[in-house]
Amino acid sequence: MSNGMLRLKAEDAVHNLGTVYSDDEATLRAFVSAYMNDPKTIGSLTLFRSTGDVIATYDVWTNEWKEAGAINA
């Protein structure tokens with residue numbers, strides 16, 4: 001569990017596809033795993049801290065999380 005609500009935002013190039021909130025990062029990451037198993041899924045997913053800082057983004061091409069520290073490395 002974390003301090004504050006975490007936010008998972010899904011969007012494509014044009015639309016905000018929705019936001020899911022939880023105080024448990026593992027729950028949001030599990031949600032993404034199930035969401036990405038749908039062959040009709042499009043767009044990108046970004047996991048944010050309650051402060052608005054990015055924790056990680058989900059890379060749809062490699063089917064894995066890219067942690068914020070590794071994105072700019």
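Entry: For the record, buried means under 20% relative accessible area, exposed over 50%, and partly exposed in between, with a 1.4 Å probe and protein chains only. Helices (H or I, at least four residues) and strands (E, at least two) are DSSP runs numbered from the N terminus.

Entry: I am looking at a predicted model, where local features need pLDDT of at least 70, side-chain atom pairs count only at pLDDT 80 or more, and totals for chains, interfaces and linings use all residues. Residues are numbered from 1 along each chain as its sequence is written, and side-chain values use heavy atoms, with hydrogens and water left out. The protein has a mean pLDDT (the predictor's confidence in each residue, from 0 to 100) of 83, and 90% of its residues reach 70 or more.

Entry: I read off an open sheet of five antiparallel strands in the order β2-β1-β3-β4-β5. Its edges are β2 (16-22) and β5 (64-67), each pairing on one side only. On average, neighbouring strands are turned by 20 degrees against each other, direction ignored. Angles run from 0 to 180 degrees between N-to-C directions, using lines fitted to C-alpha atoms, for helices over the stretch in contact.

**Entry: who pairs with whom.** Pairing takes at least two DSSP bridges between two strands. I found six bridges between β1 and β2, and these two form a hairpin with four residues between them. There, E11 is bridged to N16 of β2. On its β3 side, β1 has five antiparallel bridges, with R7 opposite F48. Four bridges join β4 (residues 54-59) to β5, and T57 has K66 as its bridge partner in β5.

**Entry: helix α1.** Next I checked what α1 sits on: it packs on the sheet, touching β1, β2, β3, β4 and β5, at about 20 degrees to the direction of β1. Contact here means heavy atoms within 4.5 Å. Which residues of α1 are buried? They are L28, R29, V32 and M36. These cover an arc of only 100 degrees around the axis, which puts them on the same side of α1; the arc is that of the directions from the helix axis to the C-beta atoms. The face turned away from that side carries the exposed residues A26 and A34.

**Entry: R29.** I was curious about this arginine in α1 (residues 25-36). Is it buried or exposed? R29 counts as buried because its relative accessible area is 18%. Beyond its neighbours within four places in sequence, R29 is in contact with L47, I55, A56, W65 and E67.

**Entry: F48.** I ended with F48, which lies in β3 (residues 44-48) and is buried, at 13% relative accessibility. Not counting residues up to four places away in sequence, F48 touches L6, R7, K9, D53, V54 and I55. I also noted M5: it is 43 residues from F48 in sequence, with 9.1 Å between their C-alpha atoms.
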